Amino acid sequence: VTAGARGVAPVPAGELERRLAAMREGYARLVAAVGRAFLGHEEVVELLLAAILADGHVLLEGPPGLGKTTLVKSLARALDMRFGRIQFTPDLMPADVVGTRLLEEQDGQRRFTFERGPVFCNVLLADEINRATPRTQSALLEAMQEHQVTVFGQRHALEEPFFVIATQNPIEMEGTYPLPEAQLDRFLLKVELRAPGVAELERILVATTGGAEAEVVPVLDREELVAIKAVVREVPASSEIVGLVARLVHLTHPEAEGAPERVRRLVRYGASPRGGQAVLLAAKARALVRGRLHVAEEDVAAVARPALRHRLVLGYEAEASGLPPDGLVDEALQAARRRNA
Ligand SMILES: Nc1ncnc2c1ncn2[C@@H]1O[C@H](COP(=O)(O)OP(=O)(O)OP(=O)(O)O)[C@@H](O)[C@H]1O
Ligand SMILES: [Mg+2]
């Protein structure tokens, strides 16, 4: 057992098994609680929970009305965390996100106080993040990265845990400010929400057009969440798995030896080491919630797309044809696996 990064204390071996059992049970409770209000999309829920456990933020892409608000609200409620929401618009200012300094007068004395912005919460839904100007976007992205905000030279720590789910509408791009690559890299995962099928639609319609709507109640407290998060980094990954992830990231680079032909032709820049961290951490979280104390190849395969799809910088040809990067990630993974054999 290795000591985790970020000052997480090493966990004794027997303790790990005990925590694993408690964790699986807690995770099952979470999935069930969220599933009461947000129906279907099990894979999306699993990825979101994996990101929370891996201490990362999520970019959630989906057209309007697919239940994004319902999902994030239920998640916050189930985790007993404070939910916040910001609707990003072109006139939104950084102060509308992080907060601002106010001049107060009390007993003839003037002093500055800090009025906290909506970013001071535990689970923040940043709706349509690409509608705000780059300045406002970067105010949020800084808060995400540092878990603190700086206003007039004063630092203010955010609440912990702090988890952002930023949404983007893939069909309405007009009048938007697409997030720059450097900002996209800060999202652990990019998750896509697709239109539900007929069976799923039926369930949604029945559940949301009748009488009382399902209520989500807290099922996991903060200590339990912190305990689970501490275990994620303790999940061992074999040297084969680490090698696979390293090759996967490397083979998304067009100049890499052995990179797939389409990667060479269509990708301008491949994924960063941060992309590799995202794959491995999300894979660890997934292994854990599936009740395994080691990362398997299937975990890597399951998180490769969401962890890397937003980190490939495509060339003009691919950009113009609107080619989704998922196929390129798949090909890089196949090539990485072949070299494992
Ligand atoms: N998977 C789902 N499970 C439960 N309810 C759903 C689901 N998908 C959509 N709905 C219902 O559809 C309606 C719209 O959902 P919601 O407001 O959460 O969507 P949204 O993605 O946040 O939309 P917008 O992009 O407009 O903000 C709600 O009444 C919600 O209950
Ligand atoms: Mg919404």
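**View 1. Who sits around ligand 1 in this predicted model.** The shell holds 13 residues, with L39, G65, K68, T69 and T70 coming nearest; to be in it, a residue needs a heavy atom within 4 Å of the molecule. By type, that makes six nonpolar, six polar and one charged (Ala, Val, Leu, Ile, Met, Phe, Trp, Tyr, Cys and Pro are nonpolar, Asp, Glu, Lys and Arg charged, and the others, Gly among them, polar).

**View 2. Polar contacts to ligand 1 (N or O pairs within 3.5 Å).** A polar side-chain atom of T69 sits 2.7 Å from a ligand 1 oxygen. On its own ligand 1 exposes 630 Å², and the protein buries 70% of that (Shrake-Rupley areas, 1.4 Å probe).

**View 3. The largest pocket, at about 730 Å³.** A pocket here is an open set of points on a 1 Å grid where a 1.4 Å probe fits, with protein on both sides within 12 Å along at least five of seven lines; lining residues have an atom within 4 Å of a point. The volume is the space filled by probe spheres set on the points, which are joined across faces, edges and corners. Of 25 lining residues, E61, L184, K190, E319 and P325 lie nearest the centre. The lining splits into 13 nonpolar, four polar and eight charged.

**Notes.** Residues count from 1 along each chain as written, while chains are lettered from A and ligands numbered from 1 in written order. Local features need pLDDT of at least 70 and side-chain atom pairs 80 or more, totals for chains, interfaces and linings use all residues, and side-chain values use heavy atoms, without hydrogens and water.

Technical notes:
Polar contact = N/O pair within 3.5 Å; in protein donor to acceptor, adjacent residues only side chain to side chain.
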